[in-house]
Amino acid sequence: MHTQVTAGSVGQGEVALSQAASPRRPALAVSDQVFRAAALACALLVLTVLVGILASMLYGGWPVFREFGLVDFVAGSTWDVNNDRYGAWPAIAGTLSTALIALVLGVPISLGIAVFLTQLSPPWLKRPIGTAVEILAAVPSIVYGMWGLFVLAPLVAAYVQVPLNQVVEGLPIVGTILYSQVPSGTGIATAGVILAFMIIPFIASVTRDMFDQIPTVLRESAYGIGCTTWEVVRHVLVPQAGVSIIGAIMLGLGRALGETMAVTFVVGNANRLSASIFEPGSTIASRIANEFNEALGLQMSALIALGCVLFVVTFVVLAVARALIARVKVY
Amino acid sequence: MKLHHAIFGTALALAAASAPAAAADITGAGATFPFPLYSKWAEAYKKETGTGLNYQSIGSGGGIRQIKAKTVDFGATDSPLKGDDLEKSGLVQFPTVLGGVVPIVNVQGIQDGQLKLSGEVLADIYRGQVKKWNDPRIAELNQGVSLPDANITPVYRSDGSGTTSIFTDYLSNVSADWKQQLGTGTTVNWPVGLGGKGNEGVAATVKQVVNAIGYVEYAYAKQNKMPVAQMRNKDGAFVAPDDKTFAAAAANADWNSAPGFGISLVNQAGAQAWPITGATFILVYKSPDRPEQVAEVLKFFDWAYKSGDALAADLDYVPLPDAVADQVRGVWAKEIKDKSGKPLFPGNPS
C-alpha cells in the first residue's frame, strides 16, 4: 500500500500504521509525557545551576565590587591582603598572556596534526598518532603541573633562559620582553607551554573532524587540476573549515583560560606584573587556588570577584565558539 | 540475578561490619600544618579507646569558619584568634604542638648549618634590599666563608599559610621597615621573589633554583635534607634549628600574656631559643551545643598531651612543655562547661 506522507498527514499515517500493527495502548501517551517532563527537567537543572553559579559569585564578590568599583578592581595592580587593597589586573594580564602564548604555540601544532592525520599519514600510522593525541587530553592537569615543575622548568631554565639572557640582555624592546632576572624556569612562558600541550588535543581533534567533513569531491577536483598538497590545504581545506577552526581555537582558549593546577605549579606565583614573559606571574585560577583556603572576609570576596571575572570571560569565549562552529555549512 | 544479589548482600554485610562499635566520632577541621600529626594521634587513640577522629585539613581560615558555623566539634588554626574575637564568639583556644620555621638555602659551596643570618638581614633579603649573596651585611656575619657574587632569589609561600604567618610575624618583630611595609599575615605583598605552593613547593623551588633562599617547616627541611641556615636569636647567639631549640623558645615564654594562649613565640629570650617558632591552636566553644562531643575532644587532647609525645617527635613536631599542658587543663576545667554549669573536663593535672 503506497501511503502519501506529507507534513500534515504524518499524524494520521502514524496512527494508521500503528493501528495496522498493534492496538494503540493508552499508557504510551502518559509515559511519553513523563519522558518529556524528565528531559525538560534535566535541561532546566543545568540552566538553573549555571545561573545559580553566576548569581552566587556576584553575591560573594559584591563587597569588593562595592568597595573598589568594577573598573578600579579590574585595573588595580596591588594585591595586599594585610591592608585590604585588591586589584585584579596582574592576575587578568597573566591569564590573558599565558592563554595567548598557549594559542601561539598550540594552534600551528594542532593544525599540523590535523592536516597530517587527514591528508598525509599512511593508514597504519593514523590510529597510533590519533590515539596518542587523544590520550594527551586525558592526562590529569596536576600531572602536567608536576611534570612542568620537575622536568620542563629545569630544561627551560638551562636551555632557553640562560642562553636567551646572554643574547637579549640590554636590548631595548626584545630585551624587556625576553630577559629574566632569575632563570628559574618558572614563569608566564613555561605556563604558556604547558597550556599549549593541554589545548593541542582539543583543537586538533575538532579540526580533524572538520577536515574530514569537507566533501571529498572538493579535494579531488583540486588535485585533479594539478594542485600540490600544500595548495589543497591552503586554498581548499582551510577556507572551507575556516569558521569552525576559529571555533575550535576558541574552545581551546576557553580551556586555557580556566586551567588551574598545571598553571599554579609553574607560573611562579608572583602577584606582580612584569614586562618579561620569563618572569614569574600569576593567573586568576592560580591566585584563587593558592589563597582561597586561608582567606577570610574581604580577601575571600576579592577571590570570588576574580572568579566572577573569569567566569564571564570564559562564558563569552565559549558562547562565541559555539556560535561559530554551528555555522558550518552542510552539503 | 544471582550475582546482583550476591553483590548487594556483600555490600550490606560490609556496611554492618564497619559500623562503629563505640562512641560517636569527633569531628574537627582546619590547619594543614598539624594534619599529619593529628592523623597519627587519631589512629593510635582509636586503637586504644575506640573513638575515632574525623579531621578535615582545609586550612586555618576554613577551620575558623567551620567552628563559628558550629559544623564541627573543634576548629584548628595556625594563627591564634585575638582576645576580642574569642570573647565575642564564646570560644576557648589552646595550643597543641609547636613547630619551627627554618630558612633553607641553595648556594654553591655552602653546607648545611654553615650560613649564619640575622633577622634584619633576612627581612631585607625578602624586601629586595639585600640583593647579592656577597653583600657586606651577609659577609660580616659569615667571616671566613666564601660567598658567591650572585643574585639572591627569595622563595615564599604562594598559598595562604600559617608558616608564612609565623615567618612574617618574626620579620615584623625584628625589622620596623618590614612591619610598616608588609606586616604579618598568611599572605603578604611580597615585593620580590618566586612563590611555591605548599611547603613542598617552596622546598622544590629552592632545590632547583641556584642561589635561592626559602622558608619551610622544620620537618620539610629535615626530610628533604636541605641545607639550613643558622639564625641569630634575641640573645645574640647563633642557633641551629632542632627540637631542643624550639622547646627552649617555648620554655621561656609567658603563655598567659595573651588571651587564649595566643602569644607569639618568635624572637623569644633564651640563649638556646630558636627565633622563628610558633604553635598551632584548637578552638572549642565555652558552652557547646553538644557537650558530650566536646568532652570527648578534651579527652582526646588530654591523651595526646600525655601519650602522644613520641608520635609527635617521630614526625618532627615539638610537643608542648608539660607545664603548659597543665595550664591548658586548668583552663578547660575552669572555662568549658555544659548547660548546667558542670565543667566538661575533670581537671586533674597529671
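Predicted model: local features only at pLDDT ≥ 70, side-chain atom pairs only at ≥ 80, totals over all residues.
**View 1. The centre of the largest pocket.** The space inside is about 980 Å³. Its lining counts 39 residues, and the closest to the centre are S79(B), P80(B), K82(B), S165(B) and G185(B). By class, the lining of the largest pocket holds 14 nonpolar, 18 polar and seven charged residues.

**View 2. The second largest pocket, with a volume of about 510 Å³.** It is lined by 31 residues. T32(B), F33(B), N199(B), E200(B) and Y220(B) are the closest to its centre. The lining divides into 10 nonpolar, 13 polar and eight charged residues.

**View 3. Helices and a strand around the second largest pocket.** From chain A comes α12 (284-291). From chain B come α2 (35-49), β4 (91-106), α7, α9 (198-208) and α10 (218-223). Each supplies at least two residues of the lining. The largest share is that of α10(B), with four residues.

**View 4. The interface of chain B and chain A.** The contact takes 31 residues from chain A and 31 residues from chain B. Together the chains bury about 2,300 Å². Carbon and sulfur atoms give 45% of that area. On the chain B side, R65(B), N189(B) and Q208(B) lose the most area to chain A. These three account together for 23% of what the chain B side buries.

**View 5. Polar contacts between chain B and chain A.** Nine residue pairs are in polar contact across the interface, counting pairs with both residues at pLDDT 80 or more. The salt-bridge count between the two chains is zero.

**View 6. The side of chain B that touches chain A.** At least two residues each come from α3, β6 (153-157), β7 (194-196) and α9 of chain B. The most come from α3(B), which gives four residues. By class, this side has 10 nonpolar, 18 polar and three charged residues.

Key. Residues numbered from 1 in each chain as written. Chains lettered and ligands numbered in written order. Heavy atoms only, no water. 1 Å grid on protein atoms, 1.4 Å probe; cavity = no way out; pocket = protein on both sides within 12 Å on 5 of 7 lines; lining within 4 Å. Points joined across faces, edges and corners; volume = space filled by probe spheres on them. Nonpolar A, V, L, I, M, F, W, Y, C, P; charged D, E, K, R; others polar. Contact = heavy atoms within 4.5 Å. Buried area = accessible area lost by both parts, 1.4 Å probe. Salt bridge = Lys/Arg side-chain N within 4 Å of Asp/Glu carboxyl O. Polar contact = N/O pair within 3.5 Å; in protein donor to acceptor, adjacent residues only side chain to side chain.
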